[in-house]
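Subject: Structure for you to look at, with notes

Dear colleague,

Please find the structure below, followed by my notes on what was found in it. I would be glad if you read them with the model open beside you.

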Amino acid sequence: MSASPLPTQFNTLDPASSCPRILCLHGGGSNSQIFRIGCRVLEAQLSNDARLVYADGPFFAPPGPLITGVFTEWGPFRSWLPPDLGVGPGKGQGVKLIYEDPTDADMVIEQIHHSLQKAMEDDDRNGATGPWVGLLGFSQGAKIAASLLFRQQTDPERFTSLPFFQFGTLAAGPAPLVWLGSRESHQVGGKSSLDPLLRIPTLHIYGTRDHLVRSSADWLYQCCSPDSARLFVWEGEHVMPTRTRDVSAIAEMIIEVLRGLAN
């Protein structure tokens, strides 16, 4: 039996809303529609403060490990990195080059950019006018969101086709960061020239029963400066929290950041 079509909007924001916008990146083997379902409670709690806009990853992928039941009919499934690229949990900390071949890396980066720009342009066409202020990512989407922020921090003048995002909300994000800039700016004289700590503000969400990101040593949180990173741990698995008390705590942290940006 086929799944029912997903409503185009969960919240009650006017399409021409001037609310600040947060670009949302789903996990590997998922898609924007499924991620919107997972974020439905958070989106409702942020409806007066932010507009969540969902992007689709550029690469087709098999369904993720938790895409079961009704969601098996919700393909095609996508990812932000080619499915055969091993950069998940247990791969170590620091900043990883996504390919040894710079041509391949450039293709991946270009495809990620295209997907993000398409989602933003589509939302502009829908009449939204708010500034782009942040990123929200889950699992592989959190890895890419953090990596985009890290590139912004390290090489801010090079990639101006995307907005300057001022914070990230990273749920179930596995280390390491991946380098999404030029190979030349990553390495000087054969050695990494990068400080591996992300210093742009980030909010991190992890479940105590997450079987995919089991150890805190594998958390993206460990790649971020303790001065700019906040951590929220909840009793859950490798999913976005939907229980009201958990989502309320996350929404409050996001709203606090948004109000700080406005001052």
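This is a predicted model: local features need pLDDT of at least 70, side-chain atom pairs count only at pLDDT 80 or more; totals for chains, interfaces and linings use all residues.

Residues are numbered from 1 along each chain as its sequence is written, and side-chain values use heavy atoms, with hydrogens and water left out.

The sheet

The protein has 6 helices and 12 strands, and 6 of the strands form an open, parallel sheet in the order 2-1-6-7-11-12. Strand 2 and strand 12 (229–234) are at the edges with a single partner strand each, so one side of each has no neighbour in the sheet. Direction ignored, neighbouring strands of this sheet are turned by 20° against each other on average; angles here run from 0 to 180 degrees between N-to-C directions, and axes are lines fitted to C-alpha atoms, for helices over the stretch in contact.

Within the sheet, strand 6 pairs with strand 7 (residues 167–171) in the parallel sense over 5 bridges, and leucine 135 has glycine 168 of strand 7 as its bridge partner. Helix 4 packs on the sheet, where it touches strand 1, strand 6, strand 7 and strand 11 (202–207), and its direction makes about 145° with that of strand 6; contact means heavy atoms within 4.5 Å.

Strand 1 and strand 2 also run parallel and are joined by 5 bridges, with cysteine 24 standing opposite tyrosine 54 in strand 2. Although strand 2 is an edge strand, 5 of its 5 residues are buried, so it is largely enclosed by the rest of the structure; buried means under 20% relative accessible area, exposed over 50%, and partly exposed in between (1.4 Å probe, protein chains only). In a regular strand the side chains alternate between the two faces of the sheet. In strand 2, Arg51, Val53 and Ala55 point one way, while Leu52 and Tyr54 point the other way.

The cores

In soluble globular proteins, nonpolar side chains tend to be buried together. A nonpolar core is here a set of buried Ala, Val, Leu, Ile, Met, Phe, Trp, Tyr and Cys residues joined through side-chain atoms within 4.5 Å. The largest such core has 44 residues, of which Leu23, Ile98, Leu116 and Ile144 touch the most other members. At least two residues of this core come from each of several elements, including strand 1 (21–25), strand 2 (51–55), helix 3 (102–125), strand 6 (132–138) and helix 4 (140–154). Another core lies apart from it, with 28 residues, among them Cys39, Ala172, Ala251 and Val257. Leucine 116 touches Leu23, Leu25, Ala55, Trp80, Leu148 and Leu162, if residues up to four places away in sequence are not counted.

A buried aspartate

Aspartate 123 lies in helix 3 and is buried, with a relative accessible area of 5%. Its side chain makes a polar contact of 3.0 Å with that of arginine 21, a polar contact being a pair of N or O atoms within 3.5 Å; within protein, one must be able to donate a hydrogen and the other to accept it, and residues adjacent in sequence count only if both atoms are side-chain atoms. Leaving aside neighbours within four places in sequence, aspartate 123 is in contact with Arg21, Arg51, Val53, Ala128 and Trp132.

Backbone points to check

Most residues other than glycine have a negative phi, and most peptide bonds are trans. A cis peptide bond joins glycine 75 and proline 76, with omega about 5°, and another joins alanine 175 and proline 176, with omega about 0°. Serine 139, in the loop between strand 6 and helix 4, has a positive phi near 55° and is buried, with a relative accessible area of 14%.

With best wishes

Terms used. Helices (H or I, at least four residues) and strands (E, at least two) are DSSP runs, numbered from the N terminus. Two strands pair if DSSP finds at least two bridges between them.
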